[in-house]
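Let's take a walk through a protein model together.

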There are 2 protein chains.
Amino acid sequence: MISETYKAMLGGKSVIRELSEFATARGKEIGYDNVFDYSLGNPSVPVPQAFNDKVIELLNTMSSMEVHGYSPSLGIPSVKEKIAASLNRRFGMNYAGKDIFMASGAAGALAHAFRLVTGPGDEILTFAPFFPEYHPYVDLTGARLKVVPANTADFQINFDAFVDMLTPSVHAVLINTPNNPSGAVYSEQTLTRLAAILTEKEEQFGHEIWLISDEPYREIVFDGKTAPYASRFYPRTLSCYSFSKSLSLPGERIGYLAVNPACGVSDMLVNMAGQISRGIGHNCPSSVIQLAVADTCDLTADLSVYETNMNILCDELTSLGFDIVRPGGTFYMFPKAPEADAVAFCRKALKYDLVLVPSDTFGVGGYFRIAYCINTQKVQRSLEAFRRMMHAEY
Amino acid sequence: MISETYKAMLGGKSVIRELSEFATARGKEIGYDNVFDYSLGNPSVPVPQAFNDKVIELLNTMSSMEVHGYSPSLGIPSVKEKIAASLNRRFGMNYAGKDIFMASGAAGALAHAFRLVTGPGDEILTFAPFFPEYHPYVDLTGARLKVVPANTADFQINFDAFVDMLTPSVHAVLINTPNNPSGAVYSEQTLTRLAAILTEKEEQFGHEIWLISDEPYREIVFDGKTAPYASRFYPRTLSCYSFSKSLSLPGERIGYLAVNPACGVSDMLVNMAGQISRGIGHNCPSSVIQLAVADTCDLTADLSVYETNMNILCDELTSLGFDIVRPGGTFYMFPKAPEADAVAFCRKALKYDLVLVPSDTFGVGGYFRIAYCINTQKVQRSLEAFRRMMHAEY
């Protein structure tokens, strides 16, 4: 019989999708260039030329059976080794190739991670504000996602609320740093304290608590800084990575799950991920894409536009009176709305052709998200719209 | 906690994998060219040059954001339209682009199909001999796979056994034509009778029974014939296709689910497939690979080598006394072993460096599978090994 579970999901329309459809429709009226569409988190810079060059070289020089052949179910060994070496060099880790499982982007890595360390009924804690897709991602595994209220002072962790919610039913904690939608980068202090609490509670509960770290924005960090690498702080960490943002190729669906070998069971977990794949119909990312990222995993697209845009918007919006925690990375910021009802505020913004996402969908009221992965000229042109709105409406 | 479900799966080692490991090890001793490795169903002919040319053209001419950008969750509309048009032209169907869901190969399509029309505890019937991966594919959805005994006369359907097993608990029937491992192609007569039984039982049971058709070998059919297209015989058909074999690119993980619009709910099912993706971490196949197959979906690699190999082997093995149902397609054949214990027979074959797969893993005893997707010269050299074995052992 047709599944009631998935049928029931058809009703729900995502706010972000509705806004993006508004932007497209409005674009047809006045030209998309005149719609300041800050709704979608899509990379807006080209892939590094070296990536395309590598794909073309592979197609022109390798035998068809090698370049288009089946990847082993855990990923191509040479690719996994290059990724492990890159992580070790950059973050002082001790990965071997066998600790890496190639996945279809971070979504694929998360699908494996949740199934590895939780079962039906188990709780996974995450922190507001959070990526709303975590709900279907987790719910459809049978586990339950619970959301710790935000620390709106700096969008680090609200530790008091966290400790209250960290009961024996919790088997995994899901973090996202640099964060969508706040742009916050968890500090070393935050990660140290998080790890200490997890370690203490593991002992108290008599069972493991796994840290699942979703880090597709790891390479988009401002002021010349580097995002502290979560796995370095806690051995039972499953790092879920996507090259979508760093290499600007979200459509190629390439990423990985990296299991910290210090957990002592990384071999088993990576092999179990291969078993999970059989049930969910994943049989590795594209071979040619795996081979090409292995060669370009230390590169990034020119990500500087995101920092440029952040600075322009942060300065102007602050001077217009917005209360903003300055993002440490990503291509998002999360200002406080000038009225308590963020939906009403974002509706008003549409009158000025500003497409902003109200914060309710991210698990916190009264804020809004700006996805500033658009070109800088358009960001600059949008400032006048923000000014007009603030003068007219508030 | 670490999942007991997936941990428990680690013990089981596939017979095919063990044989393939033997072949690799033996190859190191005597040269892989001297091991007649008939164990693995990997395409052995190159991708059509037009596919590689198209990828290179896309990379060189399209904007990075277009070619590497996110695909909509149901697939790129222009790609879906081209595939629908190709199926309509070739098989007299009435698909529109919206009836097609782009998937990561047939495994990805099947993962969506099972979840669309069955739930935990529902039964799915399939027919021996069958692809052994169907077990984890189905079991991990919570549904139950039951296997109808083989019709060894011609490897069409054993209808008596089928009707006995077709109880009200059955919500889907899974077929694979052309078939791995038998090479049988279901005739129009078989599909007509199957459809009539399903229609009758639907009425009797008062619920739908869906036909899930796994057809990665659809384009490998011998004697200039075409495989009858299952969906044309029964409206509630979900066709699961992979380009792995037709275009010889199993590593690119590209295929689709095609929902027969005559079922009346194809819109809903394709949209539900998009919801399923959120839970299993699938977010479309690679964009550049989608775009390239759209342009080459009417082509195939040069598949003639498979028919050449089949004829050589079929003639020689028949003359050596083997009982073989001549395959109508695929790159497999499934002769009867000259002793009841197929495992013992295949063990003997290893002494002659013939790597054959005993049939038990495919749900029937006393046969063996030959995967003749290797080069023709090697097939010819293997004949002497078959001769020596038969003279010495039987």
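Predicted model: local features only at pLDDT ≥ 70, side-chain atom pairs only at ≥ 80, totals over all residues.

Start with chain A, which is built from 14 helices and twelve strands. Its radius of gyration is 21 Å, close to the 21 Å that the globule rule gives for 394 residues, so chain A is as compact as a globular protein of that length. Of the 394 residues in chain A, 54% are buried.

Now zoom in on strand 8 of chain A, residues 255-259. Is this strand mostly covered or mostly open? It's mostly covered, with five of its five residues buried. In a regular strand, side chains alternate between the two faces of the sheet. You can see that pattern here: A:Gly255, A:Leu257 and A:Val259 point one way, while A:Tyr256 and A:Ala258 point the other way.

Strands of a sheet pair through backbone hydrogen bonds, either parallel or antiparallel. Strand 2 of chain A (residues 100-103) pairs with strand 8 in the antiparallel sense over four bridges, and A:Met102 has A:Tyr256 as its bridge partner. Strand 7 of chain A also runs antiparallel to strand 8, joined to it by five bridges. There, A:Ser239 stands opposite A:Ala258.

Why does A:Glu219 count as buried? Because 20 other C-beta atoms lie within 10 Å, and 20 or more is what it takes. Leaving aside residues up to four places away in sequence, A:Glu219 touches A:Lys245, A:Ser246, A:Thr300 and A:Leu303.

Next, the core. In soluble globular proteins, nonpolar side chains tend to be buried together. Here the largest nonpolar core has 256 residues, and those with the most contacts inside it are A:Leu257, A:Tyr372, B:Leu257 and B:Tyr372. Take B:Leu257 in chain B: among the residues it touches are B:Phe101, B:Ala103, B:His112, B:Leu238 and B:Cys240.

While you're in chain B, find its open sheet of three strands, in the order 9-12-11, with antiparallel pairing. Strand 9 (332-333) and strand 11 (357-358) are the edge strands, each pairing on one side only. Strand 11 meets strand 12 (residues 368-371) over two bridges, and B:Pro358 stands opposite B:Phe368.

Finally, how do the two chains fit together? A rotation of 180 degrees, with 0.0 Å of shift along its axis, superposes chain B on chain A with an RMSD of 0.0 Å. The two copies are thus related as by a two-fold rotation axis. Of the interface residues of chain B, 98% are also interface residues in chain A, so the copies meet through the same surface. In all, 62 residues of chain B are in contact with 61 residues of chain A. Several helices of chain B give two or more residues to that side, including helix 3 (49-61), helix 6 (105-117) and helix 10 (266-280). The residues on this side of chain B divide into 30 nonpolar, 25 polar and seven charged.

Definitions and conventions. Residues numbered from 1 in each chain as written. Chains lettered and ligands numbered in written order. Core = buried A, V, L, I, M, F, W, Y, C linked by C-beta atoms within 7 Å. Buried ≥ 20, exposed ≤ 12 C-beta atoms within 10 Å, placed from the backbone. Contact = placed C-beta atoms within 7 Å. Rg over C-alpha atoms; globule rule 2.2 N^0.38 Å. Least-squares fit on C-alpha atoms with pLDDT ≥ 70 in both. Nonpolar A, V, L, I, M, F, W, Y, C, P; charged D, E, K, R; others polar. Pairing = 2+ DSSP bridges.
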